[in-house]
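Please read the following with the sequence and the model open side by side.

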Amino acid sequence: MELREVIGNRRSIRFMRPYRPVEIEKIQCMLEAARLASHWGNVGSLRAVVVMRESASDEVLDSLQAPIAGFQIRLAPVVIVWYLETAAIDDQANRLRELLEAGALGFGTQEARREALETQLIPIFGSIGDALKQPGLGEVDCGQGIAHATLMAYELGLGTCCLGTPHTEQIRENLGLPDSARVLLLQTVGYPAESAEAGGQRPRQDLGELFQLNAYGNPFPRSEEVIEELERDRMLQDPAPLPWREAELDFLQQALDIEPPGLL
Ligand SMILES: Cc1cc2nc3c(=O)[nH]c(=O)nc-3n(C[C@H](O)[C@H](O)[C@H](O)COP(=O)(O)O)c2cc1C
């Protein structure tokens, strides 16, 4: 399947088949994809604890609180706790050296590149190390990694949903993560109980409202031809809700015994 169709097909899947465990090899594929995502300075600050319902302790399972996702956590065979390890930045200089030795960084002779790295780039990064540990660029890296993992999961027939939680500190402590860790989100993983369309493609704001060309206030022009091409390639799909979605939600609620009805 082409990347365009994968992007178009992916949905946040909130209803999982609770009886079907996920193969650990598939989770590894997700993590391998996350590991390959781009990180500033190659620091690799994205980390995760994978919690598998079939093998995790009750204590660990109970520690995964996400108030607007109660039934999702309960149904999911796997929950990935993604976090950012700020201490990774302490090893920034070595990551840059590796990049240079890999031929990814700089130009000129290797000797000149090494000299420039040691005398220019590494001191700059070293002087702003603490600032770089604050929320910002690192979260962008982590988002890229989680997106890779999400698309990999889709390719493997799995559904996922990212869940925000205000209990990040509590979860960090419960899981025994170091103080330097910043819990980002929980991602449920499982085989979807929903149909592949999951009710249709979810709404988004207008392209021109989100993105601009050359100047603030100048909406990025949206070509009809491009839209038609992306529709043909199945990246842009029928919008939600498809006519049968309400019936599907009723069916899912009963089949999965989700009580009381609502969001949680
Ligand atoms: C960082 C992040 C946090 C999210 N938190 C929640 C959440 O707490 N509960 C939930 O049901 N969905 C959550 N979502 C899923 C979004 O609500 C979802 O992306 C949105 O409904 C659009 O649907 P789609 O992903 O199928 O296109 C989150 C998504 C992201 C990326």
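The crossing of α5 and α6 is right-handed. This is a predicted model, and the geometry given here is computed from it. Two packed helices are described by the angle between their axes and the distance between the axes. For helix α5, residues 92-101, and helix α6, residues 110-127, the angle is about 150 degrees and the axes lie 10 Å apart. Angles over 145 degrees count as roughly antiparallel, so α5 is roughly antiparallel to α6.

Which residues in α5 and α6 meet? From α5 come Q92, A93, L96, R97 and L100. On the α6 side they meet R113, R114, L117, L121, I122, F125 and G126. Sorted by class, this contact of α5 with α6 holds seven nonpolar, two polar and three charged residues.

Next, the ligand. It is surrounded by eleven residues, of which R11, S12, C162, G164 and R202 are the closest. Strand β3, residues 159-163, contributes the most to this shell, giving three residues. By class, the shell around the ligand is made up of six nonpolar, two polar and three charged residues.

Y83 is found in strand β2, which covers residues 78-85. Is Y83 buried or exposed? A residue counts as buried if 20 or more other C-beta atoms lie within 10 Å of its own. Y83 has 24 other C-beta atoms within 10 Å, and is therefore buried. Leaving aside residues up to four places away in sequence, Y83 touches R47 and A48, and also L177, A181, R182, V183 and L184. R232 is 149 residues away from Y83 along the chain, and the C-alpha atoms of Y83 and R232 are separated by 37 Å.

The protein as a whole can now be put around these parts. It has twelve helices and four strands, α5, α6, β2 and β3 among them. Its C-alpha atoms fill a box of roughly 65 × 55 × 35 Å, taken along the principal axes. Of the 264 residues in the protein, 24% are buried, and Y83 is one of the buried residues. Among contacts between residues at least 6 apart in sequence, 82% join residues at least 24 apart.

Terms used
Residues are numbered from 1 along each chain as its sequence is written. This is a predicted model: local features need pLDDT of at least 70, side-chain atom pairs count only at pLDDT 80 or more; totals for chains, interfaces and linings use all residues. Axes are lines fitted to C-alpha atoms, for helices over the stretch in contact, and angles run from 0 to 180 degrees between N-to-C directions. Helices (H or I, at least four residues) and strands (E, at least two) are DSSP runs, numbered from the N terminus. Angles under 35 degrees count as roughly parallel, over 145 as roughly antiparallel, 65 to 115 as roughly perpendicular and the rest as oblique. A crossing is left-handed if the near helix is turned anticlockwise from the far one by less than a right angle, and right-handed if clockwise. Two residues are in contact if their C-beta atoms, placed from the backbone, lie within 7 Å. Ala, Val, Leu, Ile, Met, Phe, Trp, Tyr, Cys and Pro count as nonpolar, Asp, Glu, Lys and Arg as charged, and the others, Gly among them, as polar. A residue is near a molecule or strand if its C-beta atom, placed from the backbone, lies within 6 Å of it. A residue is buried if 20 or more other C-beta atoms lie within 10 Å of its own, exposed if 12 or fewer, and partly exposed in between; C-beta atoms are placed from the backbone.
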